[in-house]
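The following exercises are to be worked through with the sequence and the three-dimensional structure at hand. Each task is followed by a stepwise solution.

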Amino acid sequence: MSGDWKTWLPPAHRAQATGLTDWREAVRRAAGVLVDEGAIDAAYVDAMIQSVETYGPYIVLDEGFALPHAKAEGHVHRVAMSLLQVAPAVDLEGRPVDVFLVLAAPDATSHLEALAALGALLGDDASRDVLRFGSPAEIEALLAAE
């Protein structure tokens, strides 16, 4: 499934980090650009972390891949995503994660197209590996082809 990756996950919303030791720090770092741009409030970041602390590592969708998200509750102002690759992987309650892809949506339906497009990417092993281990140029090429 193709998608509007240029809007959902522009290059400015993608980053790499080394030496992180805490999944909470990784979520905060991944979401930081969205807070800075006004797409989400800092309270949404806190809600994503609280959600995992309450319900466990349900955000780990696949090996090494986490999709932090929470109920918007007025703290999300537009559909937005940000991606943080971490090396080495960070332990998220017993699950090693090397990609945190924050998903923010102001309501229950506006993000469904983006989520479907993401599902298509994750369903392909090669695409998933590019998201996990690829260089910025490789990620850009992957998303441009979708």
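**Exercise 1. Strand pairing**

Strand β1 (residues 14-18) runs parallel to β4, and five bridges join the two. The model is a predicted one: local features need pLDDT of at least 70, side-chain atom pairs count only at pLDDT 80 or more, and totals for chains, interfaces and linings use all residues. Residues are numbered from 1 along each chain as its sequence is written, and side-chain values use heavy atoms, with hydrogens and water left out.

Task: In which sense do β4 and β5 pair, and over how many bridges?

Solution. 
- Step 1. Strands are DSSP runs of E with at least two residues, helices are runs of H or I with at least four residues, and both are numbered from the N terminus. Two strands pair if DSSP finds at least two bridges between them.
- Step 2. β4 and β5 pair in the antiparallel sense, over nine bridges. Here L83 stands opposite L101 in β5.
- Step 3. β4 and β5 form a hairpin with two residues between them.

**Exercise 2. Helix α2**

Solution. 
- Step 1. Helix α2 comprises 15 residues (23-37) and reaches 22 Å from its first C-alpha to its last, close to the expected 21 Å. The expected span is 1.5 Å times one less than the number of residues.
- Step 2. Centred on A31 is a kink of about 40°. The bend at a residue is the angle between axes fitted to the seven residues ending there and the seven starting there.
- Step 3. At the start of α2, a side-chain oxygen of D22 comes to within 3.0 Å of the backbone nitrogen of R24. After α2 comes G38, with a positive phi near 85°.
- Step 4. W23, A26, V27, A30, A31 and L34 are the buried residues of α2. Buried means under 20% relative accessible area, exposed over 50%, and partly exposed in between (1.4 Å probe, protein chains only). An α-helix has 3.6 residues a turn, so residues three or four places apart point the same way.
- Step 5. The cover over these buried residues includes α3 (42-55), β4 (80-92) and β5 (95-104).

**Exercise 3. The surroundings of R132**

Task: Is R132 buried or exposed, and which backbone oxygen does its side chain reach?

Solution. 
- Step 1. R132 belongs to helix α5 (residues 125-133).
- Step 2. Its relative accessible area is 11%, so R132 is buried.
- Step 3. The side chain of R132 reaches the backbone oxygen of E63 at 3.3 Å.
- Step 4. With neighbours within four places in sequence left aside, R132 is in contact (heavy atoms within 4.5 Å) with E63, G64, Q85, D98 and V99.

**Exercise 4. Backbone exceptions**

Task: Where is the peptide bond cis, and what is the phi of E73 and of E93?

Solution. 
- Step 1. Most residues other than glycine have a negative phi, and most peptide bonds are trans.
- Step 2. The bond from A87 to P88 is cis, with omega near -5°. P88 lies in strand β4.
- Step 3. E73 has a positive phi near 45°. This residue lies in the loop between β3 (64-66) and β4, and E73 is exposed at 64% relative accessible area.
- Step 4. E93 has a positive phi near 50°. E93 lies in the loop between β4 and β5 and is partly exposed, at 39% relative accessible area.
- Step 5. Y58 and E93 are 35 residues apart in sequence, with their C-alpha atoms 10.0 Å apart. Y58 lies in the loop between α3 and β2 (60-62).

**Exercise 5. The chain as a whole**

Task: How many helices and strands does the chain have, and what is its radius of gyration?

Solution. 
- Step 1. The chain has six helices and five strands. Their order from the N terminus is α-β-α-α-β-β-β-β-α-α-α.
- Step 2. The radius of gyration is 14 Å, close to the 15 Å of the globule rule for 146 residues, so the chain is as compact as a globular protein of that length. The radius is taken over C-alpha atoms, and the rule is 2.2 Å times the number of residues to the power 0.38.
- Step 3. Of the 146 residues, 45% count as buried.
- Step 4. Among contacts with a separation of 6 or more, 70% are between residues 24 or more positions apart.

Terms used. Polar contact = N/O pair within 3.5 Å; in protein donor to acceptor, adjacent residues only side chain to side chain.
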